[in-house]
Amino acid sequence: MREMMTKTDSRVTVHMVASLDGFIARKDGSVDWLETSDVFPGGEVMAPEMIEAFLKTIDCYVMGSRTYETALRFEAKGFGWSYGDKPTFVLTSRTLPRTRDSVEFHSGDLAQLVNGRLRPRFHTIWFAGGGDVTGQCLRLGLADEVCYSIVPVAIGEGIPFFGNLDRDVALHLAKVKAYRNGMVELRYEVQGRRAEPGNDTGREPRLP
Ligand SMILES: NC(=O)c1ccc[n+]([C@@H]2O[C@H](COP(=O)([O-])OP(=O)(O)OC[C@H]3O[C@@H](n4cnc5c(N)ncnc54)[C@H](OP(=O)(O)O)[C@@H]3O)[C@@H](O)[C@H]2O)c1
């Protein structure tokens with residue numbers, strides 16, 4: 001019953017890192033290009049403690065199965081699990097290995113998952129990718145905010161930030177931040193979301 005109550009200040013954010021030409025991974029799924037050697041002298045430094053404090057503000061993650069499989073491969077190579085012990089909802093129609101209690105699989109209606117199950121329970125709902133799932137999120141009008149980080153590299157082709165977007169989505173540029181490593185973070189509000197019931201943005205999370 002408690003789950004059915006709408007948490008009025010819940011907020012859905014889509015966040016990924018892209019190349020300047022708008023790709024989140026190469027066609028084969030690799031993300032080797034994410035690390036660049038660029039230096040922007042006037043940029044902010046991302047201190048580990050700031051990142052850690054920021055990650056604590058995220059209440060749950062949502063991701064597609066291909067992103068989950070990438071995360072499992074990273075973990076197998078010794079890079080750790082990026083999502084801590086936060087509840088992580090993985091969209092899949094397949095049977096995938098469940099490596100920790102915090103992971104839950106979901107198949108089917110994404111709007112039902114977000115509006116029916118996640119918004120009533122969590123304040124800060126973080127869509128961690130990939131392009132297929134973030135495309136659905138925007139297409140279904142589920143996102144309040146898009147955080148788009150651009151790495152200073154163009155890779156020519158790959159998986160786009162928003163897969164299969166079939167309409168224009170108007171955005172409001174809310175924040176721009178440049179970092180010392182050359183990354184630029186663009187933060188957009190999805191227009192039309194803020195005024196909707198159940199979408200009070202009073203407790204807006206702060207990105208580092
Ligand atoms: N640069 C970044 O910040 C960043 C962030 C995240 C990911 N990535 C990269 O992006 C790539 C993956 O992106 P992607 O667009 O290919 O895939 P994705 O969005 O991670 O996963 C898509 C898959 O999720 C499953 N799925 C999606 N919606 C579903 C639904 N409603 N019900 C059931 N299953 C559903 C489907 O697979 P099945 O049903 O077959 O399982 C679908 O093929 C990886 O290479 C990853 O490394 C990059």
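I call a residue buried if 20 or more other C-beta atoms lie within 10 Å of its own, exposed if 12 or fewer, and partly exposed in between, with C-beta atoms placed from the backbone. What I read here is a predicted model, in which local features need pLDDT of at least 70, side-chain atom pairs count only at pLDDT 80 or more, and totals for chains, interfaces and linings use all residues. Residues are numbered from 1 along each chain as its sequence is written.

Entry on α4. I looked up its buried residues and found G131, V133, T134, Q136, C137 and L138; helices (H or I, at least four residues) and strands (E, at least two) are DSSP runs, numbered from the N terminus. Just after α4, I noted that G141 takes a positive phi of about 70°.

Entry on the whole protein. I counted four helices and 10 strands, and I found that buried residues make up 25% of the 208 residues.

Entry on the core. A nonpolar core is a set of buried Ala, Val, Leu, Ile, Met, Phe, Trp, Tyr and Cys residues joined through C-beta atoms within 7 Å. The largest one has 33 residues, and F127 and C137 are among those with the most contacts inside it. To this core β6 gives the most, with four residues. I then looked up F127, which touches V133, T134 and C137, among others, when residues up to four places away in sequence are not counted; two residues are in contact if their C-beta atoms, placed from the backbone, lie within 7 Å.
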